[in-house]
Amino acid sequence: MKQNYQLTMTACFVGYIVQAIVNNFAPLLFLTFQRSYGIPLEQITMLVTINFGVQLLVDLLSAAFVDRIGYKRTVILAQIFAAAGLVLLAVLPEVMRPFPGILTAVIIYAVGGGLCEVVLSPIVEACPTDNKEKAMSLLHSFYCWGHVGVVLLSTAFFALFGIENWKILAVVWAVIPAANTFLFSRAPVGSLIQEGERGMSFRELFTNKIFWVLMLLMAASGASEQAVSQWASTFAEQGLGVSKTIGDLAGPMAFAVMMGLSRLFYGKYGDRIHLDRFMIGSSVLCAASYLCISLSPLPFLGLVGCAVCGLSVGIMWPGSFSKGAAALPRGGTAMFALFALSGDLGCSGGPTVVGLVSGALGGNLKLGILAGIVFPLLVITGVVLCSGMTKKTRRGTTG
C-alpha cells in the first residue's frame, strides 16, 4: 500500500471505534437517566429504537447524496455529527427538558454513526491494499475493540470518579471523533468508481440476481451476530444467577472479544485462507454454538457457546461486504448503502425473532435461540449461491 494511504486506513479504523462509542455508551447510562431525570423505562427503550432507526434511514438516503458530495466530505461530516451528539448528550438535558434533550443528542450522533457505516467500508475498499478481504476484516474488528473499550473504560471511570460525573466522560469520548475529523481532513480518500465510469443505478442493482443473494447474505449475517449478542447478558444473568455487571462482562463482552479476535485473525492471515470456505466453516461453527447454548444442560457450557458464537460470526459481515465488492465491482455507494441497510435490518430482526419465539414458548430463551439457528444456515445458502452465480457469470463473460 502506498504510504500516504496508511493515514486513510488509520482514520477508518478510528471511525469504527467512533461508531462503537455512539452505539454503546448511552446504554450504560440508562438506569442513571431513569434515576436522575425520572424518565420512564418505556421512553429510555425508545432511545435504542431511535438510534438504530435513524441509522437505517441514513443508510437508505445516503445513496442519493454521498456520490454528489464525495466520500471525504461525508466521512468528515460523520465525525462532526458524532462529536456534536456526544457533547450535546452532556449539555442538552440541563438546558431543556431531559428526555427531549437526550433524544436530540441521540438523533444527532446516530446520523454520524449511520454515515460511518455507509462510507467506511467503501473507503477502505478503494484503498490500494494488496488483499481487500484482509483489510475489510481488520477494519470491522475495530468496532469490536471499540465496544470492549467503551464498556471497560467507562466502567473504570464510573468506579473511580462516580457515575454522577458521566457528562465529563461523554465529552471525553467526543474527543475521538473530533480528532478523527482532523485525520480524515489530511488523508487521501479514493473512489470505488474509476474516472469516466459510473456506479450501478438502483434499477441495475434491483434487476441483478446476485445483488439479492448478497442482500440475503447481509441480513442473515446481521441476524446471526445480534440474535445471540443482544440476549447474551440476559442469558448470563438467568443461567448463572449473576449480577448485571458480571452478566455484561461474561456475556456481551466475551462475545465482542471473540468476534474481534476472529476478524483480527482473518485480517492477518486472510491471504492464505479461501473466503468462501472460511465463511461456510464459521457458519457451521455458529450453528453448533446455537445448539450448545440452547441444548446444553450446564449453564457454563451455554456461556461458552455465547463466546464461540462471537468467534464464529466475526467474518460474516466484513466477508459479505468483500464478496459484494468482488461480485459487483461497479456497485458503488448505492450498493454499500443498501448492504448496510439490509445488515441493520438483520441486526434488528434476529433478536426480535429470538424474543418472539421465547415469549411464545413461555419465556424460554434457550428455545428462542434454538429457532435462530436458521440464520447461520441462511449464510451458508447465500455463500454457496453467490459463489455459484459469480462463477457462472465469469464463464459467460469469458466464453
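Trainee: Thr-181: buried or exposed?
Mentor: Buried, because its relative accessibility is 18%. Buried means under 20% relative accessible area, exposed over 50%, and partly exposed in between (1.4 Å probe, protein chains only). This is a predicted model, where local features need pLDDT of at least 70, side-chain atom pairs count only at pLDDT 80 or more, and totals for chains, interfaces and linings use all residues. Residues are numbered from 1 along each chain as its sequence is written, and side-chain values use heavy atoms, with hydrogens and water left out.

Trainee: Which helix holds Thr-181?
Mentor: Helix 8, residues 166–186. Helices are DSSP runs (H or I, at least four residues), numbered from the N terminus.

Trainee: What is Thr-181 in contact with, leaving aside neighbours within four places in sequence?
Mentor: Ile-76, Gln-79 and Ile-80. Contact means heavy atoms within 4.5 Å.

Trainee: New topic. Which residues make the nonpolar surface patch?
Mentor: Val-87, Val-91, Val-95, Met-96 and Val-171, covering about 380 Å². Patch residues have over 30% relative accessible area and no salt bridge; nonpolar side chains (Val, Leu, Ile, Met, Phe, Trp, Tyr) are joined within 5 Å, like charges within 9 Å. Areas come from the Shrake-Rupley method with a 1.4 Å probe; for residues, only the protein chains shown count as cover.

Trainee: Which helix gives the most to that patch?
Mentor: Helix 5 (residues 71–95), with three residues. Met-96 is in the loop between helix 5 and helix 6 (98–126). Met-96 counts as partly exposed, because its relative accessibility is 36%.

Trainee: Now charges. How many salt bridges in the whole structure?
Mentor: Five. The criterion is a side-chain nitrogen of Lys or Arg within 4 Å of a carboxyl oxygen of Asp or Glu. One of them joins Asp-271 and Lys-134, at 3.9 Å, N to O. Those two are 137 residues apart: Asp-271 in the loop between helix 12 (244–269) and helix 13 (275–295), Lys-134 in helix 7 (residues 132–161).

Trainee: What does Glu-225 pair with?
Mentor: Arg-263, at 3.5 Å, N to O. Glu-225 is in helix 10 (residues 209–229) and Arg-263 in helix 12, 38 residues apart. Glu-225 is buried at 7% relative accessible area, and Arg-263 is buried at 3%.

Trainee: And which residue forms a salt bridge with Asp-276?
Mentor: Lys-323, with the closest N and O atoms 2.7 Å apart. Asp-276 lies in helix 13 and Lys-323 in helix 15 (residues 316–327), so the pair ties together parts 47 residues apart in sequence.

Trainee: Why does Asp-276 count as buried?
Mentor: Because its relative accessibility is 12%. Lys-323 is buried as well, at 9%.
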